[in-house]
Amino acid sequence: MSGPTLDRAIGPIAATLIVIGGIIGSGLFLTTGRMAIALPSAGWLMAAWAAGGVFAISGALTYAEMGAMFPRSGGLYVFLREAFGPLPAFLYGWACLLVVLSGGVAAVAVGFAEYFNFFFPDVPRAVSAVGSILILGLINYFGVRAGSRTNAVLTAAKVTGLVLLVAFAVVSPQVQADFSFTLPAEVPSAWAAFGLAMIAVLWANDGFYCLPYAAGEVKDPGRTLPRALIIGIFSVTAIYLAVNIAYFYALPMSEIRGTLRIAERAATATVGPWGATMVALTVLVSTLGANAAILLTSSRLLYAMAADGLFFKAAATVHPRYRSPHIAVIGITVWSSLLALSGTYEQLFTYVVFTSVLFSLCGGLALFRLRRKQPATARPYRVWAYPFVPAIFVLGSFYIVVNTLAERPTESLAGLGLLVIGLPVYWYWTRQGAGSKDPASTHE
């Protein structure tokens, strides 16, 4: 492609911070109380968070191999196209545009608005949610350096706030938590409740796949991508487990169950009202940081689709000065803003998780397919303990897809319906002569 190209400006530290920043958003601060409605047991809830960490780690290791193989913008879209052809790849990109990435940004922005209201109760939540998306979209318009620096600052600030939250529970324990696996009699099936709680856990872990979307802007991607993914996911898993232990030491299950602002309640219980203020600030920074990372990386997916002729050609345009896919940035920013006005926090993350995990299942299968289809392709990194690690990822994805269909059929079927709508769109593009490029075509 002639003209300006994307800027390979993301180094190892910035890449790792994109992984961490793209995952830790609002979920850690808002989901444990909701999970406890279905699964009111500290032991079971910790098991769910640990299982989510195992799932994310196995997924990151799987994606690390494919990201090192194909170090160009697009992430899972590229992996699916290389493994299965343009139609599955397009449907994934279509789902990301409509639900997965844009819906993720919207859900995180709704979480931001929930805590922004703590400081400015007179500002409508819709205004603060959409405003946060527009500001971050503007920053990413000015290029990957501005976007990655913003993410780095916000990620460092949010991790500091989380460390303080854990420290509060350590120095001022209020409750001795019971980490047994005992469930109340009103919970008919532990495993069904566990699967329902996992929807929220996977939402909180969603975003581990963000960095490969921006692989075309990563320095030395064959080395940087695997290392950043592995270090970032292990760090996030440790943080999630530590913070949830803090919740259970700060509050009894009766207060955790159904509480939306769980982090705020826990900090108030340990150090008083100023702790709630600190947590609210941490959540504001955390959600902004997550959306800074997701907007940066998701726009690269639209750029990759457009470069392959499967989206509006303008989205493949690179700004001559800022070297950003500025049209793609504008597109994902506007659509995410509209989604932020469309539903509640829980509805949004259920839509996102079902569709995201469905394609994660396909992404795990793509590695097996590529091992057979392209055995001679250079692999700077090979997934540890193959085939067991990617098998864990595939089986975990399958379990969540089936369980979400059973427990949240309306949202799940709505997600599948959006994929069906994508079929005529794909046929339109191919009838226009698009999508005929070599699947192995490179675009930075």
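1. How far is the sulfur of Cys210 from the closest cysteine sulfur, and in which residue does that closest sulfur lie? In this predicted model, the closest cysteine sulfur to that of Cys210 belongs to Cys96 and lies 9.3 Å away, which is too far for a bond. A disulfide would need the two sulfur atoms to be within 2.5 Å. Cys210 counts as buried, because its relative accessibility is 1%.

2. With a relative accessible area of 27%, Cys362 is partly exposed. A search of the whole structure finds zero disulfides.

3. Turning to the overall fold, the protein has 18 helices and zero strands. Its radius of gyration is 21 Å, which agrees with the value near 22 Å that a compact globule of 444 residues would have. Along the principal axes, the C-alpha trace spans about 65 × 40 × 40 Å. Among contacts with a separation of 6 or more, 84% come from residues 24 or more positions apart.

4. As for burial and surface, 60% of the 444 residues count as buried. The accessible surface comes to about 16300 Å², and carbon and sulfur atoms account for 68% of that surface. The protein carries 27 positive and 18 negative side chains, and the centres of these two sets are 11 Å apart.

5. Once neighbours within four places in sequence are left aside, Asn205 is in contact with Ile23, Gly52, Gly53, Ala56, Val236 and Tyr240.

6. The loop between helix H16 (345-373) and helix H17 (388-407) holds Pro387, and the peptide bond leading from Tyr386 to Pro387 is cis, with omega near 5°. Ala385 is found in the loop between H16 and H17 as well, and Ala385 has a positive phi of about 60° although it is not a glycine. Its relative accessibility is 28%, so Ala385 counts as partly exposed.

7. A positive phi also occurs at Asp220, where the angle is about 45° although the residue is not a glycine. Asp220 sits in the loop between helix H10 (210-213) and helix H11 (221-250). Because its relative accessibility is 45%, Asp220 counts as partly exposed.

Definitions and conventions: Residues are numbered from 1 along each chain as its sequence is written. This is a predicted model: local features need pLDDT of at least 70, side-chain atom pairs count only at pLDDT 80 or more; totals for chains, interfaces and linings use all residues. Side-chain values use heavy atoms; hydrogens and water are left out. Helices (H or I, at least four residues) and strands (E, at least two) are DSSP runs, numbered from the N terminus. The radius of gyration is taken over C-alpha atoms; the globule rule is 2.2 Å times the number of residues to the power 0.38. Buried means under 20% relative accessible area, exposed over 50%, partly exposed in between (1.4 Å probe, protein chains only). Contact means heavy atoms within 4.5 Å. Accessible areas come from the Shrake-Rupley method with a 1.4 Å probe; for residues, only the protein chains shown count as cover. Lys and Arg count as positive and Asp and Glu as negative; His and the chain ends are not counted. The place of a charge is taken as NZ of Lys, CZ of Arg, CG of Asp or CD of Glu.
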